[in-house]
Amino acid sequence: MWDYVKIVLFGLIALLAAIAANYARDLAYMVHALIIFAVAAGMFIWAVRTTWEEKPAPAVNAEGYMDGVVRYGVVATAFWGVVGFLVGTFIAFQLAFPQLNFHLLGDGIGNFGRLRPLHTSAVIFAFGGNALIATSFYIVQRTSAARLWGGNLAWFVFWGYNLFIVLAATGYLLGATQSKEYAEPEWYVDLWLTLVWVAYLFVFLGTIMTRKEKHIYVANWFFLSFIVTVALLHVVNNLSIPVSIFGSKSVQVFAGVQDAMTQWWYGHNAVGFFLTAGFLGMMYYFVPKQAERPVYSYKLSIIHFWALIFLYIWAGPHHLNYTALPDWASTLGMVFSIVLWMPSWGGMINGLMTLSGAWDKLRTDPIIRMMIVSIGFYGMSTFEGPMMSIRAVNSLSHYTDWTIGHVHSGALGWNGMITFGALYFLVPRLWNRAKLYSLPAVNWHFWLATIGIVLYASSMWVTGIMEGLMWREVDANGFLVNAFADTVSAKFPMYVVRALGGVLYLAGALIMAWNLWMTVRKGEARMPAPAAAVAAE
């Protein structure tokens with residue numbers, strides 16, 4: 001019965017998408033309708049061809065886990081990472097050399113304004129999002145001793161999420177955007193992501209509820225908080241009314257200072273839960289596994305979890321210091337940001353101290369070195385962020401490249417390095433290989449990425465503080481000394497250094513992609529795993 005429902009459903013979606021493309025009021029909407037038509041038509045043909053075939057049992061590995069979707073997630077993570085880093089490096093050169101802004105296939109495509117949201121979404125949502133989905137599916141099965149719940153629903157989550165990435169990215173290039181930081185996609189793309197995210201929640205929560213292991217490991221708490229909170233943030237921040245059912249444009253429900261407050265409640269908690277809580281779930285599993293040591297303090301990890309999720313949700317208003325937002329609201333955000341420093345550093349200390357008795361591994365294992373450096377960047381970013389939220393500091397740092405340096409030290413250092421470590425951990429196990437193809441290549445990746453981050457962040461710290469000081473410099477009569485163009489000119493050397501840092505980071509990612517590919521293709525096979533599902537913790 002379900003086979004026939006699929007045929008009708010895919011056929012209906014293809015038909016409606018074709019109608020939508022015909023009546024489209026703008027190019028982005030038409031392109032998206034054609035993409036959906038192509039996907040639905042392909043699925044319709046696949047459903048017709050397979051309806052009367054004998055259905056094989058869902059693929060599981062020797063331990064009884066569903067790892068096919070995790071393998072696809074690992075490939076997507078590496079692919080989107082390289083794409084995101086490449087675009088980011090190119091737009092860094094665009095800022096240093098404006099003549100690199102050019103038009104492709106019409107108005108705007110190829111300009112910094114179109115490529116910048118493409119870069120941020122590719123790194124955060126494509127690279128980071130696929131990493132979180134893949135690792136959460138891997139971890140929840142091992143720590144629950146249960147296969148993913150919902151049968152093929154996990155595959156819907158993976159393919160549906162990557163369809164969202166394609167729709168969002170093409171929309172940016174074609175100018176379809178809500179102009180909301182980290183929430184750029186238009187209304188119909190947001191609706192699709194909501195559907196996929198609810199399915200993600202069902203798969204993850206269903207697996208936990210059917211677990212054979214009584215205890216819920218702390219990594220799963222962090223993943224669950226990330227999934228639930230991001231869903232809440234996404235729905236509220238993206239409340240909008242379409243101008244036309246056949247157009248991409250929409251009108252936001254919130255306006256003025258209320259819209260700003262809602263946006264940065266979303267924006268900061270996207271950092272707090274998407275880029276922090278989810279990746280802490282990765283940290284609490286992969287660092288102990290790679291170090292072959294238990295978590296230093298399980299009690300501290302629980303305190304870390306509850307303190308973090310309670311405090312983070314209130315910190316967003318610090319993005320709106322010295323704006324129309326009431327002082328009491330931005331002060332509240334500042335206070336909670338400062339208090340947030342304590343649980344963040346508690347988690348950092350817990351991660352670092354997990355290596356107690358195994359510090360010698362830092363000399364011989366570049367993967368654990370990568371993970372430990374990521375925790376160090378987590379600690380540094382979670383100190384710098386609260387410091388920058390203080391009004392006296394914020395008056396200098398806000399709207400300058402110091403903020404860009406802060407964001408990238410966290411994204412490249414914390415999110416990037418822990419993800420690289422997770423990919424190096426996962427690939428040999430998922431493809432049944434004894435070890436990585438080349439450990440020296442991991443070492444090269446580590447040093448290229450680390451030096452790249454240092455060049456990037458330090459150049460932005462220098463130019464950001466210089467920029468802030470130039471903006472506030474006045475002469476004896478109280479007039480500004482520097483025009484805005486003067487600050488842009490003064491920043492040129494540091495912009496070149498930043499772009500070179502991006503080149504090094506991208507080079508490391510390319511080495512990683514080659515190493516993982518060679519591990520799958522030519523790696524030495526591993527001995528068969530046990531036949532029964534056994535909890536990892």
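Predicted model: local features only at pLDDT ≥ 70, side-chain atom pairs only at ≥ 80, totals over all residues.
User: How do the axes of α8 and helix α9 cross, and within what distance do they come?

Analyst: Residues are numbered from 1 along each chain as its sequence is written, and side-chain values use heavy atoms, leaving out hydrogens and water. The axes of α8 and α9 (residues 298-312) come within 11 Å and cross at roughly 170°. Axes here are lines fitted to C-alpha atoms, over the stretch in contact for helices, with angles from 0 to 180 degrees between N-to-C directions.

User: What makes α8 roughly antiparallel to α9?

Analyst: Angles over 145 degrees count as roughly antiparallel (under 35 is roughly parallel, 65 to 115 roughly perpendicular, the rest oblique). The crossing is at roughly 170°, so α8 is roughly antiparallel to α9.

User: Which residues of α8 meet α9?

Analyst: Among them are His-268, Phe-273 and Tyr-284 in α8, while α9 brings residues including His-304 and Tyr-312; contact means heavy atoms within 4.5 Å.

User: Why are α10 and α12 called roughly antiparallel?

Analyst: The axes of α10 (residues 327-353) and α12 (residues 366-389) come within 8 Å and cross at roughly 165°. The two helices are therefore roughly antiparallel to each other. Their contact has 11 nonpolar, seven polar and no charged residues.

Definitions and conventions: Helix = DSSP H or I, 4+ residues; strand = E, 2+ residues; numbered from the N terminus. Nonpolar A, V, L, I, M, F, W, Y, C, P; charged D, E, K, R; others polar.
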